[in-house]
Amino acid sequence: MRVVIAEDAALMREGLVGLLEDRGHEVCAAVPDADALLAAVATHHPDVAVVDIRMPPTHTDEGLRAALDLRRDHPDTGVLVLSQYIETRYAAQLLAFNAAGVGYLLKDRVADVADFVDALTRVATGGTALDPDVVSQLLGAHQRARGLADLTPREREVLALMAEGRSNTGIAAALTVTGGVVEKHVAGIFNKLGLPQAEGDNRRVLAVLRYLGSPLT
Amino acid sequence: MAGGRRASDGGAAPGSGPASGGRAAWGGWAILRAAARAPFTARTARELLFCLAGVAVALCVIGALFAAPLGLSVVARLADRRSPVPGVAPGPGNPAGAGLFAFVTGAVICLALALMLAPRTARGLSGAVRRLARRLFGETIAPPPPVHRRGWGPLGWFTAGWRDGPGWRAVAYLLARLPVAILDGYAVFCCIAGPASMTYPLWWRLFRNHPPDVQLDPVLVLTPVGSFRVATYAGTLVAFAAGAAMVLAAPWIARAANAADLALMRGLLGPGRLAQRVRDLEETRARAVDDTATLLRRLERDLHDGAQVRLAALAMNLGRAKEKLAEGGEPADLAAARELVDAAHRSAKHALVELRDLARGIHPPVLDKGLADALATLAANSAVPVRLHADIPVRPTLAIETIAYFCVAELLANAAKHSHANSITIEAAQRSGALRLSVVDDGAGGADPDRGTGLSGLAARVRTVDGRLDVASPPGGPTRITVELPLRA
């Protein structure tokens with residue numbers, strides 16, 4: 001996997017580089033600001049870019065804007081956005097365009113190296129990786145509005161894991177149930193939300209995310 | 001805000017000259033010189049102009065005061081003419097009641113007109129005086145708010161005039177300054193009659209072509225305290241002396257009159273004390289709110305860029321180390337894991353330091369033991385040697401202590417950074433219900449609160465609790481900065 005990293009804190013940047021290189025991934029460039037990120041992606045065409053939201057000069061949402069630019073100009077490059085905080089609005093903006101190849105994680109998640117690399121790989125291959133916090137906030141925001149209250153607690157759990165970008169097998173492992181049970185729950189969710197059943201994990205996630213994201217955009 | 005005080009150029013007022021005790025003779029000479037020069041300064045010209053305007057205003061007011069009874073008498077005469085048989089006792093054939101009715105109606109209308117017009121007229125007249133004071137003396141007195149009109153039509157107009165508080169204050173000002181106008185008149189009189197009297201000896205000499213034994217008519221000499229007649233040349237010299245005295249006195253009479261007038265203006269024409277207080281509070285409240293927001297933002301930024309990054313890096317390094325250890329016991333991995341744990345350890349220690357500094361910046365724990373102890377800690381940590389005298393028997397509230405602490409901390413830092421001082425003295429004392437702090441350094445001086453934001457920011461923060469910060473820092477030093485705070489905010 002070929003990666004470009006944009007992170008202004010040198011400590012984090014070097015750590016990320018070391019972490020990915022340990023795992024045998026190629027870090028094409030590690031840069032400290034948004035402009036350098038756009039340039040690096042244009043040069044290297046990486047599989048995925050890891051982007052910190054707050055970067056110089058204003059330390060507000062430079063990274064997010066750069067990420068949106070990347071999504072538009074380089075649809076083949078996945079974008080994983082890292083942040084100290086979760087902002088539902090940012091998540092909605094990221095997802096508005098297309099949920100394929102997008103990730104939004106808290107920086108804390110980097111500490112669980114295996115999970116983080118997993119999520120990064122998912123994003124690089126056109127999947128989705130949303131922080132559990134993002135999902136729960138999005139779900140919370142729409143619970144009342146969209147009749148999510150009809151879901152059973154178990155179904156809601158399944159939906160949350162689905163929204164994080166996990167496959168049925170992943171969900172089954174997380175909940176320690178069998179794949180069949182998960183499939184039943186998924187079917188139940190789509191039924192209750194009135195979503196047509198589609199093929200493949202990714203399209204399923206897209207459907208869920210579009211459902212969650214659209215009123216926010 | 002009645003901030004701008006009168007400009008003081010031209011002749012120095014007595015006492016404002018060099019007044020050191022050892023040079024009393026020199027001081028007396030300076031006063032004499034100033035007194036002799038005073039009549040010919042531009043300032044005196046301005047003062048006299050203001051006096052002249054004051055006399056004119058007083059004449060207008062007196063005219064208005066006479067106009068009211070005059071109006072009434074006109075009404076009375078008109079009413080009288082309406083009664084059919086003047087001077088005859090009222091009876092069935094003489095409805096004098098109609099005349100009385102007309103008189104009362106007219107009087108009421110007159111009174112209403114006066115009540116309605118007086119505040120508005122006074123506003124206009126006093127506004128002219130205020131503008132003149134600004135032009136001549138640079139005295140800025142905030143204009144009153146416009147007439148607040150409630151209701152509609154002529155009635156609304158009437159009640160607005162009647163309820164116009166600032167307008168009635170202007171009326172009060174115009175009446176209260178009538179006695180001042182007498183002084184104004186004296187000043188103007190002195191500067192006309194004085195020079196005139198001083199010319200008497202000249203005229204006497206010029207027109208001395210009368211036969212030897214002819215007795216000339218005595219000439220009248222006018223002074224503010226009375227008049228006298230002179231009939232001899234020696235007498236005209238007395239007139240000259242009286243004139244000179246008047247010329248010398250005129251500037252001081254004018255100044256006294258104008259000082260009284262300006263005091264009245266500040267009291268009655270300026271915004272009332274409450275309005276001024278409200279304005280001050282609004283200003284300082286906005287400042288305090290801004291300060292808090294800025295402070296919180298800075299805290300967030302410090303946390304985000306400091307401790308949070310360190311902790312995230314620490315977690316990441318530990319995660320990586322965990323992976324290395326889990327993979328198997330190869331020596332190369334062990335060394336790498338040790339390196340990662342080492343980095344994590346360093347990050348943890350840095351994060352601790354940053355968090356501690358941040359916490360101390362929010363509230364220094366040493367303040368819990370009282371301001372005196374906190375100041376002693378500050379003094380001990382200062383880069384420049386500090387002598388501290390602290391005498392704080394009654395503990396101020398926490399907010400005051402915190403402000404005092406951060407003021408002194410910043411002043412010490414300023415002194416260390418800019419003044420090149422060799423020693424600093426901090427004094428903290430309580431005097432008449434206030435906490436008084438002074439920070440004196442023997443450095444280069446030249447600290448200017450208007451330049452740079454440090455001192456003005458401190459002054460603003462002190463003002464939010466009705467305190468004050470004074471800076472005395474002549475070029476070459478020493479710098480003395482005094483902070484006065486109430487004991488409770």
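Predicted model: local features only at pLDDT ≥ 70, side-chain atom pairs only at ≥ 80, totals over all residues.
## The strands of chain B

In which sense, parallel or antiparallel, do β5(B) and strand β7 (residues 479–486) of chain B pair, and over how many bridges? The pairing of β5(B) with β7(B) is antiparallel and runs over eight bridges.

On to the pairing with β4(B). Strand β4 (residues 424–431) of chain B and strand β5 (residues 434–441) of chain B are antiparallel as well, paired over eight bridges. Asp441(B) turns up again here, as the bridge partner of Ile424(B). Further along, Ala428(B) has Leu437(B) of β5(B) as its bridge partner. If you follow the chain through the hairpin of β4(B) and β5(B), you will find two residues between the strands. In that hairpin, Ser432(B) takes a positive phi near 40°.

## The whole sheet and its helices

These pairings belong to an open sheet of five strands in chain B, ordered β3-β4-β5-β7-β6. Although the two pairings of β5(B) described above are antiparallel, the pairing in the sheet is mixed. At the edges are β3 (386–391) and β6 (468–472) of chain B, each of which pairs on one side only. Leaving direction aside, neighbouring strands of this sheet are turned by 10° against each other on average.

Helix α12 (residues 371–381) of chain B lies across β3 and β4 of chain B, and runs at about 180° to β3(B). Helix α13 (residues 398–419) of chain B packs on the sheet too, where it touches β4, β5 and β7 of chain B. The direction of α13(B) makes about 10° with that of β5(B).

## A helix pair in chain B

Elsewhere in chain B, helix α6 (residues 178–198) packs with helix α8 (residues 233–269), their axes 7 Å apart and at an angle of about 155°. Angles over 145 degrees count as roughly antiparallel, so that is how α6(B) and α8(B) are related. Their crossing is left-handed. By class, the residues of this contact are 24 nonpolar, three polar and two charged.

## Chain A and its helix pair

Now for the other chain. Chain A has 217 residues, of which 42% are buried, and its secondary structure comes to ten helices and six strands. Among the contacts in chain A with a separation of 6 or more, 63% are between residues 24 or more positions apart.

Helix α2 (residues 34–44) of chain A and helix α3 (residues 62–73) of chain A have axes that come within 9 Å and cross at roughly 20°. With angles under 35 degrees counted as roughly parallel, α2(A) and α3(A) are therefore roughly parallel to each other. Their crossing is right-handed. On the α2(A) side, the contact is made by Ala34(A), Leu37(A), Leu38(A) and Val41(A). From α3(A) come Glu62(A), Gly63(A), Arg65(A), Ala66(A), Asp69(A) and Leu70(A). Sorted by class, the contact has six nonpolar, one polar and three charged residues.

## Where the chains meet

The contact between the chains takes 15 residues from chain A and 13 residues from chain B. On the side of chain B, helix α10 (residues 307–327) gives the most, with twelve residues. The residues on that side of the contact comprise six nonpolar, four polar and three charged.

Terms used. Residues numbered from 1 in each chain as written. Chains lettered and ligands numbered in written order. Axes fitted to C-alpha atoms, helices over the stretch in contact; angles between N-to-C directions. Helix = DSSP H or I, 4+ residues; strand = E, 2+ residues; numbered from the N terminus. Parallel < 35°, antiparallel > 145°, perpendicular 65-115°, else oblique. Left-handed = near helix turned anticlockwise from the far one by under 90°. Contact = placed C-beta atoms within 7 Å. Nonpolar A, V, L, I, M, F, W, Y, C, P; charged D, E, K, R; others polar. Buried ≥ 20, exposed ≤ 12 C-beta atoms within 10 Å, placed from the backbone. Pairing = 2+ DSSP bridges.
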